[in-house]
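Here is a short report on a structure. Read it with the sequence and the model open.

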Amino acid sequence: MNVLLYVINLLQTGLGSLAAYLAAHVLLCLLPAFFIAGALAALIPKEAITRYLGRDAPKWISYPASAVGGFVLAVCSCTIMPLFASIYKKGAGLGPAITFLFVGPAVNILAISFTGVQIGMDIALARIILSIVFGVGIGLLMSVFFRKDDEAHNDETSSSRAFAQGAKVPATTWVFFVLLLGVLIAGTLQVGLLTNSYATFTLPGTWASGFQSWLDSVVPPNAALGIEGVSVHGVLLIGLLIGIGVTAWFGLNTVDEGFNRWTYVALALVALTLVVASFKVVAVDAGLSVGITGKLVAEVVLIGTVWWMAAKFFDPYAVQEWLWEMWRFVKQIIPLLIVGVFVAGMARAIIPATWIRAIAGRNTWWANLVGVLFGVFMYFPTLVEVPIAQTFLSLGMHRGPLLAYLLADPELSLQSILITNSVIGKRKTAVYVALVTLFSTLSGLLFGAWVNGANAWLIAGGTAAAIAAIAVVAAWLNSRSGRRQAAVATGSH
Amino acid sequence: MEIKILGGGCPNCKRLEKVAREAAADLGIEATFTKVQDFSQIMAYDITSTPALVVDEVVKVSGRVPHKDEVKALLQEG
């Protein structure tokens with residue numbers, strides 16, 4: 001086989017995947033998502049949530065608060081670990097700390113929106129719901145398993161005031177978040193009202209269809225592998241993205257110290273990119289057919305309002321911090337994501353679909369477990385699990401094992417296991433890893449059954465039965481150790 | 001004056017150190033700066049999240065990077 005042709009084919013597949021990932025619908029998801037992540041990191045004081053995680057907080061407050069905290073506070077993995085350690089050592093104890101540790105990486109706003117747009121809202125929603133349900137479940141189970149240890153160290157740390165401070169999130173911040181979310185949803189919701197063109201005009205230029213044909217020959221669409229190819233619209237957006245990258249480098253690197261000319265240019269380019277992405281652009285014989293869609297109107301209004309609110313209602317330093325955090329996440333995640341997408345794209349052409357279908361093509365215990373183990377042992381940078389998952393999907397993996405993989409991958413990496421071990425010790429870490437494996441497999445199995453068309457009540461019943469069984473086992477273990485403790489205390493055996 | 005920056009090396013921790021140094025320099029305060037990166041040493045202080053600013057063993061700020069003016073005020077109150 002001609003090696004050169006093979007390599008070229010590989011590169012085309014990689015490029016095709018990358019271009020598809022830079023297409024309009026992804027930009028309309030990721031750009032706003034990064035701004036939301038930055039806002040979560042900069043505009044929400046941690047005390048607003050940690051006040052509910054103190055030692056004296058009742059369980060029905062501390063567990064939900066941990067789950068919410070996992071979503072709001074844990075956008076960056078560098079925040080998760082210290083918070084986890086504090087909640088454990090100085091706050092509400094092992095249970096809520098574990099819930100926080102589990103939910104944080106699982107419902108990362110960037111990962112969820114990216115999953116929703118690239119793979120499907122069903123998986124994204126399943127990811128959120130199952131992570132929170134099982135996050136609380138795993139936390140409760142661990143707090144029951146290790147109740148003795150928990151009570152022991154509770155006494156040690158009673159003098160901590162770390163969780164005593166509170167803070168409130170002002171109403172303007174809530175409104176601001178709703179607007180930012182609106183920008184994200186308006187751009188990505190696949191609903192006729194938003195995606196239909198209400199007026200179309202054609203920009204003349206016979207170069208358009210020729211250019212499109214050339215693009216199709218350089219980066220051919222391949223429906224069998226799920227590659228969409230590059231459109232003229234896509235090339236324009238990629239150009240704008242490069243422009244944002246360059247101007248943001250100069251304008252946002254030190255935005256915490258102040259705005260400069262490039263800051264405004266970069267922000268204007270971001271707004272322009274979102275607007276351009278909202279048009280519906282198709283290359284036709286006469287030129288470029290441009291449609292004015294519902295989402296275009298929505299985005300213009302929403303982005304304008306965001307800009308106005310930021311200027312009028314927020315401290316300049318708060319805005320600077322927001323932009324700095326946003327840019328920091330971009331620098332941390334995007335380069336690795338681009339490489340990851342490219343490699344995952346090439347993998348599509350290399351990995352035989354028959355392998356994937358044989359191992360994970362159907363919703364079995366084994367398939368789900370393999371999905372989980374792959375996520376645990378293969379480390380991928382944040383967000384890269386999405387293109388990897390999409391490659392598997394296009395090669396024939398069932399959606400159940402796919403969810404199992406997506407749940408397990410962000411949770412357990414060698415680094416996170418090591419740090420967790422340093423905080424809670426080997427035994428608890430081992431139990432945690434086992435529980436995450438079990439529940440991710442179970443989640444995948446249940447979701448897969450739902451995808452296959454199983455009765456929703458049956459699934460809900462199955463889940464409830466599983467949880468009940470575990471709770472019974474845990475309660476039995478608990479009472480056994482309690483009786484043993486009492487026996488020891490009274491001096492009898 | 002002893003100023004400690006608690007944090008494991010994430011970008012915010014570096015930013016806090018920079019702001020703290022500039023604030024001290026602006027005020028003309030002589031201070032020793034220590035970066036505490038070891039996890040167990042960090043958790044010995046009563047904080048919930050990094051980065052944190054500790055002045056003469058008193059935790060002044062934790063979980064965020066304050067503006068230089070705020071740091072100056074904190075340094076001046078002693």
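## Ground rules

A residue is buried if 20 or more other C-beta atoms lie within 10 Å of its own, exposed if 12 or fewer, and partly exposed in between; the C-beta atoms are placed from the backbone. Gly16(A) counts as buried because it has 26 C-beta neighbours inside 10 Å. Gly16(A) sits in helix α1 of chain A. Helices here are DSSP runs of H or I with at least four residues, strands are runs of E with at least two, and both are numbered from the N terminus. Gly16(A) and Asp256(A) are 240 residues apart in sequence. In space, their C-alpha atoms are 37 Å apart.

The model is predicted: local features need pLDDT of at least 70, side-chain atom pairs count only at pLDDT 80 or more, and totals for chains, interfaces and linings use all residues. Residues are numbered from 1 along each chain as its sequence is written, while chains are lettered from A and ligands numbered from 1 in the order in which they are written.

## Chain A overall

Chain A has 23 helices and 3 strands. Its radius of gyration is 25 Å, close to the 23 Å that the globule rule gives for 493 residues, so chain A is as compact as a globular protein of that length. The radius is taken over C-alpha atoms, and the rule is 2.2 Å times the number of residues to the power 0.38. Along the principal axes, the C-alpha atoms fill a box of roughly 95 × 60 × 40 Å.

Of the 493 residues of chain A, 44% count as buried. Two residues are in contact if their C-beta atoms, placed from the backbone, lie within 7 Å. Take the contacts in chain A between residues at least 6 apart in sequence: 82% of them join residues at least 24 apart.

## Two domains

Chain A splits into domain 1 (45-168 + 351-454) and domain 2 (172-334). Such bounds come from an automatic or database domain assignment. The C-alpha centres of the two domains of chain A lie 31 Å apart. Domain 1 of chain A gives 5 residues to the contact, and domain 2 of chain A gives 5 residues.

On the domain 1 side, 2 of the touching residues are nonpolar, 3 are polar and none is charged. Ala, Val, Leu, Ile, Met, Phe, Trp, Tyr, Cys and Pro count as nonpolar; Asp, Glu, Lys and Arg count as charged; the others, Gly among them, count as polar.

## A helix pair: α8 and α22

Two packed helices are described by the angle between their axes and the distance between the axes. In chain A, the axes of α8 (residues 121-145) and α22 (residues 426-451) come within 10 Å and cross at roughly 145°. Axes are lines fitted to C-alpha atoms, for helices over the stretch in contact, and angles run from 0 to 180 degrees between N-to-C directions.

Which residues make the contact? From α8(A), they include Leu130(A), Phe134(A) and Ile138(A). From α22(A), they include Tyr432(A), Leu435(A) and Phe439(A). By class, the contact has 13 nonpolar, 1 polar and 1 charged residues.

## A covered helix: α19

Helix α19 (residues 385-394) of chain A is mostly covered, with 8 of its 10 residues buried. Among them are Glu385(A), Gln390(A) and Phe392(A). The buried residues of α19(A) pack against α1 (3-21), α7 (109-118), α16 (316-350), α17 (353-360) and α20 (399-411) of chain A. Just after α19(A), Gly396(A) takes a positive phi of about 115°.

## Chain B: interface and loops

Chain B gives 14 residues to its contact with chain A, and chain A gives 17 residues. On the chain B side, α1 (11-27) and α2 (39-43) each supply at least two residues. Helix α2(B) gives the most, with 3 residues. By class, this side has 6 nonpolar, 6 polar and 2 charged residues.

Most residues other than glycine have a negative phi, and most peptide bonds are trans. Thr50(B) and Pro51(B) are joined by a cis peptide bond, with omega about 0°. Pro51(B) lies in the loop between α2 and β3 (52-55) of chain B. Asp56(B) has a positive phi, near 50°, and lies in the loop between β3 and β4 (58-62) of chain B. Asp56(B) is exposed, with 11 other C-beta atoms within 10 Å. Glu57(B) also has a positive phi, near 65°. With 8 C-beta neighbours inside 10 Å, Glu57(B) counts as exposed.
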